[in-house]
Amino acid sequence: MSGFNLYKYSSPATFYVLAGRLIPWFYAAAALLGAAGLYVSFFLAPTDFQQGEAYRIIFIHVPAAWMSMFIYLAMAGWAALGLAFNTRLSFMMASALAPTGAMLTFVSLWTGALWGKPTWGAWWVWDARLTSELILFFLYLGFMALQAAIDDPRRADRAGALIALVGVVNVPIIYFSVKWWNTLHQGASVSLNTAPSMAAVMLAGMLVMALAVWMYAIAAALSRVRCIILERERNSQWVAQMLGAEPHPHPNLPLEGEGTNVEGI
Amino acid sequence: MNAISALLRRELTLAMRRRGDALTALFFFVIVASLFPLGVGPDPKLLHLMGGGVVWVAALLAAMLSLGRLFAADHADGTLEQLILTPTSPVVWIAGKILAHWLVSGVPLILMAPVLGIQFGLSGAELAVLMWSLLLGTPALSLIGAIGAALTLGLRGGGVLVSLLVLPLYVPVLIFGAGAVDGAISGLGSEAHLSLLGGILILAFMLTPWAVAAALRISIE
Amino acid sequence: MVGMNWHSLSEFIHMGGYALYVWGSFGVTALLIAGEILLLGARRKKALTLVRRTIKFGKAENDEDAA
């Protein structure tokens, strides 16, 4: 673990403070963009002549689906960085992203069902997109369950990173196979994107909403990574200093400086 | 090459000593597939349509059931740590171990599959496609499953966890495997499915041993 | 109500007969986001308590507590 200070930028101590400064901005951006997106989805976008008002669900469904996939990619990216450069912060970011990604996957499934009932007449249709999204949900759950089952943080970090990478290699194969399966069985071929002719205002609404979800996801992940840093580094001196208290002169307390790596906590 | 054949021999000898485990997974396969007609009713037409999918899902679950013993015994007695230290590349002996595991747990499933297929009224040609699809698919299941087995080594609740990790990754194999049989039944042909299954097998064979090696290092150190 | 779509609040809430689906989607999403923010707050509070206890009592006792 020598040479960790080369990656000063990725030191949890520095990042903890930086993230704390950034979080309010991301929440503010999410709120503003969310308000603008909701305004577009309910007031600017006209009623669809085929689906009526039910189609407004896609303003939350499509951005949630986009972001659920994007977050999985980001998670795998952090996991790869962690495995390649052995930076603990990368692993922590991967763990911090997973619950938000799983939540958005669930949102996309839930809203997909609520959109499907009035549009297809069924709560659940084995459409290629919905099915892939369901499998993505399982991938998120597997990642979180694996990390939760391992007590040693170092092993949990690396095992989670590996399964995230294996998952990301599989996602395109899974999507392709599900699509193939869906077309062969002539299942629901109506997809969200082909249903109404995509008006510019709709696309704009979905993009603004997607940005809002993106900002929210960053804010939530940063908040979570700060919790993870505190939980894991509670024995290090910088945490004690930051909280404005002199550390207890306990023989077990490690005496590293700011940003050093404390293994095996 | 000598080391590999020695390893294979060792794995097979060990597996033969623990015949009971492989037999349990095989009976599980038979029982799961036999439960379906009891659940959905004896309509021959429906059963014929479902047959390929049911046998494939049962094979998937049986393959998963036997993953636990892929590395567990070697982990418990410390052999695994020795193997990681050997001069042979870990990828080679990992591939050997998976091959041995497949010979013991996958091949019996392929041989048993026609018996189950007959229960669902599959014809001779359809049974042949079912066996071909399992021949191409079950090694891929062993390869992909080995990653899950390596990552959950020694964890409490490892068995349930491995299913959560591995089953979503099994989806493409299931789709193309069961799809091949469906193609034979509907007369659309099953060559495309079998080729894709072969593609998955080749990809899995090239990539998974590396992932398993990394997973074992993570789990052991 | 602003915009060309709705003439009254009740019309807006009614959503052309799709209120259950539209508000079910947006409402549950809002609840989930609010829930996540609340959970994050609770986790942070817990982590800070853990850190304060660690600082006060030292590492060894605390780790036994946490385990």
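Author: A residue counts as buried if 20 or more other C-beta atoms lie within 10 Å of its own, as exposed if 12 or fewer do, and as partly exposed in between, with C-beta atoms placed from the backbone. The model is a predicted one. A:N86 has 16 C-beta neighbours inside 10 Å, so this residue counts as partly exposed. A:N86 sits in the loop between α2 (58–85) and α3 of chain A. Its phi is positive, about 60°, although A:N86 is not a glycine. Most residues other than glycine have a negative phi.

A second case is found in chain C. C:M15 is not a glycine either, and has a positive phi of about 55°. This residue is placed in the loop between α1 (9–14) and α2 (19–57) of chain C. Is C:M15 buried or exposed? C:M15 has 20 other C-beta atoms within 10 Å and is therefore buried. In chain C as a whole, 21% of the 67 residues count as buried. Chain C has 3 helices and 0 strands, and its pattern along the sequence is α-α-α.

The contact takes 38 residues from chain A and 32 residues from chain C. Sorted by class, the side of chain A that touches chain C holds 22 nonpolar, 9 polar and 7 charged residues.

Chain A also touches chain B. Here the contact takes 23 residues from chain A and 20 residues from chain B. On the side of chain A, α4 (128–149) and α5 (153–184) each supply at least two residues. With 14 residues, α5(A) gives the most to that side. By class, the side of chain A that touches chain B has 18 nonpolar, 3 polar and 2 charged residues.

Chain B itself has 9 helices and 0 strands. A compact globule of 221 residues would have a radius of gyration near 17 Å, and chain B agrees because its value is 18 Å. Taken along the principal axes, the C-alpha atoms of chain B fill a box of roughly 55 × 30 × 30 Å. Of the residues of chain B, 48% count as buried. Among contacts in chain B between residues at least 6 apart in sequence, 81% join residues at least 24 apart.

Two helix pairs show how chain B is packed. The axes of α7 (residues 124–151) and α9 (residues 191–220) of chain B come within 8 Å and cross at roughly 20°. The angle makes α7(B) roughly parallel to α9(B). Their crossing is left-handed. The contact of α7(B) with α9(B) has 20 nonpolar, 5 polar and no charged residues. B:L203 is found in helix α9 of chain B. This residue is partly exposed, because 15 other C-beta atoms lie within 10 Å. B:L203 and B:A140 are 63 residues apart along the chain, and their C-alpha atoms are separated by 8.9 Å.

In the other pair, α1 (residues 2–17) and α6 (residues 90–119) of chain B have axes that come within 9 Å and cross at roughly 35°. The crossing of α1(B) and α6(B) is right-handed. Residues of α1(B) in the contact include B:I4, B:L8 and B:E11, and those of α6(B) include B:W93, B:K97 and B:L103. The residues of this contact divide into 11 nonpolar, 1 polar and 2 charged.

B:V57 lies in helix α3 (residues 44–65) of chain B. With 18 C-beta neighbours inside 10 Å, B:V57 counts as partly exposed. B:V57 and B:L111 are 54 residues apart in sequence, and their C-alpha atoms are 16 Å apart in space.

Technical notes: Residues numbered from 1 in each chain as written. Chains lettered and ligands numbered in written order. Predicted model: local features only at pLDDT ≥ 70, side-chain atom pairs only at ≥ 80, totals over all residues. Helix = DSSP H or I, 4+ residues; strand = E, 2+ residues; numbered from the N terminus. Rg over C-alpha atoms; globule rule 2.2 N^0.38 Å. Contact = placed C-beta atoms within 7 Å. Axes fitted to C-alpha atoms, helices over the stretch in contact; angles between N-to-C directions. Parallel < 35°, antiparallel > 145°, perpendicular 65-115°, else oblique. Left-handed = near helix turned anticlockwise from the far one by under 90°. Nonpolar A, V, L, I, M, F, W, Y, C, P; charged D, E, K, R; others polar.
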